[in-house]
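Reader: I'm new to this. Can you show me how to read a protein structure, one feature at a time?

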Amino acid sequence: MKIKEYVKPIDVAAAYELLISQKNSTLIAGGVFLRLQHRSLPLAIDLQDLGLNKIILSENEITIGAMVTLHEIENNKDIPRALRQSTMQIAGVAVRNMATIGGSVMGRYPFSDILTALLALGAVLRFHRKGDIRIEDFISHGLEEADILLSVGIPLKVKSVFSAFKPVYTDFSLVNCSIAKEYYYTIAFGATPYRAASLVCVDLPSVDLILEHFRFGSDQRAGGVYRHALAKSLLEDALKEVSRWK
């Protein structure tokens with residue numbers, strides 16, 4: 001990766017003006033995947049000094065700043081369990097100390113463990129210009145215009161679980177699954193290999209009926225039939241834990 005111009009603004013408004021000033025401006029929010037890419041960046045905007053690295057706990061919600069690292073999330077007991085679980089097998093600790101939730105979300109990677117957990121948890125993304133966007137809308141449609149993610153809001157009174165199958169502990173998931181419950185159940189699957197999708201229901205149907213709502217396809221890493229079998233196993237294990245929720 002080659003950077004022609006590097007800037008480190010100290011407020012969000014200035015960062016946004018820089019972002020829209022050039023067509024190929026790039027935000028750096030950890031930069032883990034950027035480091036692996038062989039391309040030139042005409043303008044790189046580092047978000048490190050914008051104060052987006054706070055975790056704020058309120059009565060009904062926890063707000064996670066976009067620059068909070070995955071390792072911080074993993075070790076914060078106030079954060080819903082599914083999100084903490086989704087970070088624990090992402091690469092190694094050194095990478096999780098650099099990677100941020102903002103960078104992980106904005107990539108919209110189909111293999112993302114974090115997006116699947118956030119989808120089940122009913123997260124809301126808060127942007128500088130666009131305001132609040134539901135996580136399911138962002139996963140499906142992305143952003144129409146350049147913007148800066150400020151934080152992720154998650155309801156606190158949610159019970160949740162996350163699990164994934166990985167050939168190697170720190171590898172990308174072949175399929176992942178998350179279930180959360182507040183007033184109703186939300187079941188999400190990701191790395192199918194399509195973008196994460198969810199099912200919302202008042203009562204839990206059978207495993208086979210749940211799986212009928214999701215697509216499991218083939219790619220170079222696994223076949224659709226194999227993914228479906230893995231998803232069934234993950235779902236059955238998750239439902240055993242759900243059955244113990246009170």
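Predicted model: local features only at pLDDT ≥ 70, side-chain atom pairs only at ≥ 80, totals over all residues.

Reader: Okay, where is the place of alanine 29?

Author: Alanine 29 sits in the loop between strand E3 (25–28) and strand E4 (40–41).

Reader: Is alanine 29 buried or exposed?

Author: The cut-off for buried is under 20% relative accessible area. Alanine 29 has 15%, so it counts as buried.

Reader: Which residues is alanine 29 in contact with, leaving aside its neighbours within four places in sequence?

Author: Those are Leu47, Met67, Thr100 and Gly103. For a sense of distance, take proline 155: alanine 29 is 126 residues from it in sequence, and 24 Å away in space, C-alpha to C-alpha.

Reader: What about the nonpolar core? Which residues touch the most other members?

Author: Here's the general idea: in soluble globular proteins, nonpolar side chains tend to be buried together. In this model the largest nonpolar core has 35 residues, and Leu83, Leu118 and Ile154 touch the most other members. Several elements give two or more residues to this core, including helix H3 (81–87) and strand E10 (149–155). H6 provides the largest share, seven residues.

Reader: And what does leucine 83 touch?

Author: Not counting residues up to four places away in sequence, its partners include Ile64, Ile73, Leu118 and Ile154. There's also a second, separate core of 24 residues, with Phe216 and Trp245 among them.

Reader: Which domains does the domain assignment give?

Author: Domain 1 (1–45) and domain 2 (159–243). Their centres, taken over C-alpha atoms, are 35 Å apart.

Definitions and conventions. Residues numbered from 1 in each chain as written. Heavy atoms only, no water. Helix = DSSP H or I, 4+ residues; strand = E, 2+ residues; numbered from the N terminus. Buried < 20%, exposed > 50% of the residue type's maximum accessible area, 1.4 Å probe, protein only. Contact = heavy atoms within 4.5 Å. Domains from an automatic or database assignment. Core = buried A, V, L, I, M, F, W, Y, C linked by side-chain atoms within 4.5 Å.
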